[in-house]
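Let's take a friendly walk through a protein model. Have the sequence and the 3D view ready, and look up each residue as you meet it.

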Amino acid sequence: MGDLAARQHRAIGARRAEIRERLAGVQERLTEVRAARSDWTDEEHDPEGFALTFEWQQAEGVRAQYEAELRDLDDADARVESGTYGICEVCGEPIPAAQLELRPARTRCVSCT
Ligand SMILES: [Zn+2]
C-alpha cells in the first residue's frame with residue numbers, strides 16, 4: 001500500500017472512530033429518553049411528554065445520519081483500494097484536501113454538492 005493510500009485509510013479510520021463515539025452518545029440519550037417517556041403516557045396533552053417525543057425524534061434523526069456516514073466511510077475505504085478516493089464523482093476533479101479532512105467520506109467536491 002502506498003503512503004497516500006495509508007494516509008487516506010488513517011483519516012477514514014479516525015473519522016469512523018469519532019462517529020462511533022458520537023453514535024454511542026446518541027444511543028445512550030435515546031435509552032434515557034425512552035425511559036423518561038415511559039412515565040408519560042398521555043403525550044398529546046402533556047407538554048413534557050411532547051418535548052420528550054420531539055427530542056426522541058431528533059436523536060433518532062442524528063443516529064440515522066451517523067449510521068449513514070459509517071456506511072459511506074466503508075465505501076470510502078473501498079475507493080482508496082480502487083484508487084478513486086478523493087476524486088469528485090461528478091466533475092472528475094480531485095476534491096481539495098481541506099474538504100476531505102472535514103468529511104473523509106465525501107464523494108463530491110463542494111462545487112458539485
Ligand atoms: Zn466536482
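The report below goes through the helices, the nonpolar core, the zinc site and the salt bridges.

This is a predicted model, where local features need pLDDT of at least 70 and side-chain atom pairs count only at pLDDT 80 or more, while totals for chains, interfaces and linings use all residues. Residues are numbered from 1 along each chain as its sequence is written, and side-chain values use heavy atoms, with hydrogens and water left out.

**Helices**

Helices here are DSSP runs (H or I, at least four residues), numbered from the N terminus, and strands would be E runs of at least two. Start with α2, which has 36 residues and reaches 53 Å from its first C-alpha to its last, close to the 52 Å expected at 1.5 Å a residue. That expected span is 1.5 Å times one less than the number of residues. After α2 comes G83, whose phi is positive, near 80°.

Helix α1 holds A36. The C-alpha atoms of A36 and A24 are twelve residues apart along the chain and separated by 19 Å.

**The nonpolar core**

In soluble globular proteins, nonpolar side chains tend to be buried together. A nonpolar core is a set of buried Ala, Val, Leu, Ile, Met, Phe, Trp, Tyr and Cys residues joined through side-chain atoms within 4.5 Å. Buried means under 20% relative accessible area, exposed means over 50%, and partly exposed lies in between (1.4 Å probe, protein chains only).

The largest nonpolar core has 21 residues, and I12 and Y85 touch the most other members. Helices α1 (3-37) and α2 (47-82) each supply at least two residues of this core, and α2 gives the largest share, eight residues.

Contact means heavy atoms within 4.5 Å. Setting aside residues up to four places away in sequence, Y85 touches Q8, I12, A76, R79, V80, L100 and P104. Another residue in contact with I12 is D77, which also meets H9 and R16, again leaving aside neighbours within four places in sequence. D77 sits in helix α2 and is buried, with a relative accessible area of 17%.

**The zinc site**

Which residues hold the zinc ion? C88, C91, C109 and C112 coordinate the zinc ion, each through SG, at 2.3 Å. Donors are N, O and S atoms within 2.8 Å of the metal (3.2 Å for Na, K and Ca); water is not among the atoms, so sites may look incomplete. In sequence the donor residues are spaced C-x2-C-x17-C-x2-C.

The four donor atoms subtend angles of 102 to 119°, so the arrangement is tetrahedral; for four donors this requires all angles between 85 and 135 degrees. C109 is buried at 7% relative accessibility, whereas C112 is partly exposed at 21%.

**Salt bridges**

A salt bridge is a side-chain nitrogen of Lys or Arg within 4 Å of a carboxyl oxygen of Asp or Glu. By this rule there are eleven salt bridges. Three of them are listed here.

| Pair | N to O distance |
|---|---|
| R15 and E18 | 3.6 Å |
| R29 and E55 | 2.6 Å |
| R63 and E60 | 3.0 Å |

R29 in helix α1 and E55 in helix α2 are 26 residues apart, so this pair links distant parts of the chain. R15 and E18 both lie in helix α1, three residues apart, about one turn of the helix. R15 is buried at 14% relative accessibility, while E18 is partly exposed at 34%.

R63 and E60 both belong to helix α2, three residues apart, about one turn of the helix. Salt bridges that share partners join R15, E18, R22, E69, D72 and R103 into one network.

How values were computed
Tetrahedral: all angles 85-135°; square planar, octahedral: opposite > 155°, others 65-115°.
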